[in-house]
Amino acid sequence: MSTPATAYGTLPPASPLANRKPISLPRLHEMRERGEKITMLTAYDATFAAVADAAGVECILVGDSLGMVCQGLNSTVGVTLETMRHHTESVARGVRRVQGTAWIIGDLPFGSYQASREQALQSAVVLMQAGAHMVKLEGGGWTAETVRFLVERGIPVCAHLGLTPQTVHALGGYRVQGRAPAAAQQLRAQALELQDAGASMLVLEMVPAPLARDLTPELPRCHTIGIGSGKDTAGQVLVLHDMLGIHLGKAPKFVRNFMAGAEGVQEAMAHYVRAVKAGEFPDNTLHAWSE
């Protein structure tokens, strides 16, 4: 396969890590069964998505975090469905330009799925037609029926518990969730309910590492993807800009700058993939909750 060119020059060739068949839900289940960690990064455009795919990243999340890192918003609340459609299309094009193997997850933004299950379906269709293989929504409790409704109609769903940025104001800010016994019990109950509803993935954001560790084996059909939740989840995700050491504000405590010592972005991403799979990242001695 020839190496594609972009307005910025030629994309780097695919690494040996990326010499694989396209990622699918069955392949992710196979990885989980053999104890191989799942790697995920956010990406918001074609070029970074192509480089992530070439570096061996299995899952690319087109996150509504783009509102903060790309648009300069103070939170994700202002991101629209049209914005998510545009960026999902761009990422899908980039993945197809190189290896075409990564599993693409599109974030359903705030206000695009809360009104009804039918609204959620319409919004999910927009992102799936834009190139997503799966959609992600935040929260537990009421969302279980929405997840079931989407899955029954052939749309894979990634759920999201713990710190849910779309409801950060209701949570009292960017703080760890599930510390108190009652809160931990509620989070566990919601996670099990989401698995039963058919969610295939579950992002656990800023959840105490012991809780994430204990919860992961209880969810054999729903792969836990940690961010700031310790290293014992089925996989890890980071915001692209965080792992490249690019910040508009203060970096979270659990983030590592993978550009340090790397000759380029693809090498930094490959270092991230290797560190996650080797269990070297995250380091459980540095927690998001160790204020």
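1. Let's start with a helix pair: helix α2 (residues 46-54) packs against helix α4 (residues 81-97) at an angle of about 45°, and their axes are 7 Å apart. The axes are lines fitted to C-alpha atoms over the stretch in contact, with angles from 0 to 180 degrees between N-to-C directions. Helices here are DSSP runs of H or I with at least four residues, and strands are E runs of at least two, numbered from the N terminus.

2. Before going on, note that this is a predicted model, where local features need pLDDT of at least 70, side-chain atom pairs count only at pLDDT 80 or more, and totals for chains, interfaces and linings use all residues. Residues are numbered from 1 along each chain as its sequence is written, and side-chain values use heavy atoms, leaving out hydrogens and water.

3. Who touches whom? On the α2 side look for A46, A49, A50 and D53, and on the α4 side S90, V91, G94 and V95; contact means heavy atoms within 4.5 Å. By class, that makes five nonpolar, two polar and one charged residues. Ala, Val, Leu, Ile, Met, Phe, Trp, Tyr, Cys and Pro count as nonpolar, Asp, Glu, Lys and Arg as charged, and the others, Gly among them, as polar.

4. Now the second largest cavity: its lining includes G226, I227, Q236, F254 and P282. A cavity is a set of points on a 1 Å grid over the protein atoms alone where a 1.4 Å probe fits but cannot get out, and lining residues have an atom within 4 Å of a point.

5. Strand β10 gives the most to this lining, with three residues. The lining divides into six nonpolar, three polar and no charged residues.

Terms used. 1 Å grid on protein atoms, 1.4 Å probe; cavity = no way out; pocket = protein on both sides within 12 Å on 5 of 7 lines; lining within 4 Å.
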